[in-house]
Structure formats: structure tokens, C-alpha cells
Amino acid sequence: MEKIDSLLTHPEQCAPDKYKLNNDGSFRAFELHRLRVSYRYTGREIRIVRVRHTRMNPKNH
């Protein structure tokens with residue numbers, strides 16, 4: 001939860017999501033404790049798009 005809370009003040013701190021097809025840079029992701037969290041930052045809001053365990057095969061979205 002601390003990592004997600006830190007997104008409120010620095011939403012672009014994470015790298016762009018490499019599994020997002022045609023990513024315009026608004027989709028970002030980070031890994032923490034074997035979980036990969038993908039989110040979208042639009043300038044006005046942050047939406048958590050996907051949470052998955054890192055042992056799962058990644059799917060492009």
C-alpha cells in the first residue's frame with residue numbers, strides 16, 4: 001500500500017509498462033513482493049489496471 005500511496009505524489013516514478021501494446025506512456029508498472037502492478041496515469045487520475053503474481057506468464061494487453 002505504501003508504494004501505491006507514493007504514486008499519488010510521483011505518478012511517473014515507474015517505468016512504462018513493457019507488456020502494454022501501443023503504450024503511449026500513460027501505462028506504467030512496478031514489481032513488489034512478487035506482484036506486478038500495472039496502472040494508468042492520465043494526468044488527473046491513477047487507475048490500477050492489473051495485479052498479477054510474477055510467476056504467471058505475462059499477457060500483452
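# Questions and answers on a predicted model

In this predicted model, a search of the whole structure finds one aromatic pair.

Q: Which residues form the aromatic pair, and is it stacked, edge-to-face or tilted?
A: A pair of aromatic rings is described by the distance of the centres and the angle of the planes. Here the rings belong to Phe30 and Tyr39, with centres 6.4 Å apart and planes at 55 degrees. Planes under 30 degrees apart would count as stacked and those over 60 as edge-to-face. The pair of Phe30 and Tyr39 is therefore classed by its angle as tilted.

Q: In what order do the three strands stand in the open sheet?
A: The pairing within the sheet is antiparallel. From one strand to the next, the twist averages 20 degrees. The order of the strands is β1-β2-β3.

Q: Which strands stand at the edges of the sheet?
A: A strand with a single partner has one side left without a neighbour in the sheet. This applies to the strand of residues 27-32 and to the strand of residues 46-53. The edge strands are therefore β1 and β3.

Q: How many bridges join β2 to β3?
A: Strand β2 covers residues 35-41 and pairs with β1 over six bridges in the antiparallel sense. Strands β2 and β3 also run antiparallel, and Val37 stands opposite Val51 in β3. The number of bridges joining β2 to β3 is seven.

Q: Which residue in β2 is the bridge partner of Arg28?
A: Strands β1 and β2 are paired in the antiparallel sense. Leu32 stands opposite Leu35 in β2. For Arg28, the bridge partner in β2 is Tyr39.

Q: Is Arg36 buried or exposed?
A: Arg36 lies in strand β2. Not counting residues up to four places away in sequence, Arg36 touches several residues, including Asp17, Tyr19, Phe30, Glu31 and Val51. Its relative accessible area is 7%, and the cut-off for a buried residue is under 20%. Arg36 is therefore classed as buried.

Q: Which residue's side chain is joined to that of Arg36 by a polar contact of 3.3 Å?
A: Arg36 is located in strand β2. A polar contact of 3.3 Å joins its side chain to that of another residue. That residue is Ser38.

Q: Where is Ser26 found, and with which side chain does its own make a polar contact?
A: Ser26 is found in the loop between α1 and β1, and at 11% relative accessibility it counts as buried. Leaving out residues up to four places away in sequence, Ser26 touches Tyr39, Arg40 and Tyr41. Its side chain makes a polar contact of 3.2 Å with that of Arg40.

Q: How many Å separate the C-alpha atoms of Ser26 and Thr42?
A: Ser26 and Thr42 are 16 residues apart in sequence. In space, from C-alpha to C-alpha, the separation is 6.2 Å.

Q: Is Glu12 buried or exposed?
A: Glu12 is placed in the loop between α1 (2-7) and β1. Apart from neighbours within four places in sequence, Glu12 is in contact with Arg28 and Tyr41. Its relative accessibility is 52%, whereas the cut-off for exposed is over 50%. Glu12 therefore counts as exposed.

Q: What value does phi of Asn22 take?
A: Most residues other than glycine have a negative phi. Asn22 is not a glycine, yet its phi is positive. Asn22 is placed in the loop between α1 and β1, and its relative accessible area of 79% makes it exposed. Its phi is about 55 degrees.

Q: Which residue in the hairpin of β1 and β2 takes a positive phi near 55 degrees?
A: The hairpin of β1 and β2 has two residues between the strands. Arg34, found in the loop between β1 and β2, has a positive phi near 65 degrees and counts as exposed at 57% relative accessibility. The residue with phi near 55 degrees in this hairpin is His33.

How values were computed. Residues numbered from 1 in each chain as written. Predicted model: local features only at pLDDT ≥ 70, side-chain atom pairs only at ≥ 80, totals over all residues. Heavy atoms only, no water. Pairing = 2+ DSSP bridges. Helix = DSSP H or I, 4+ residues; strand = E, 2+ residues; numbered from the N terminus. Axes fitted to C-alpha atoms, helices over the stretch in contact; angles between N-to-C directions. Buried < 20%, exposed > 50% of the residue type's maximum accessible area, 1.4 Å probe, protein only. Polar contact = N/O pair within 3.5 Å; in protein donor to acceptor, adjacent residues only side chain to side chain. Contact = heavy atoms within 4.5 Å. Phe/Tyr/Trp six-rings, centres within 6.5 Å; stacked < 30°, edge-to-face > 60°.
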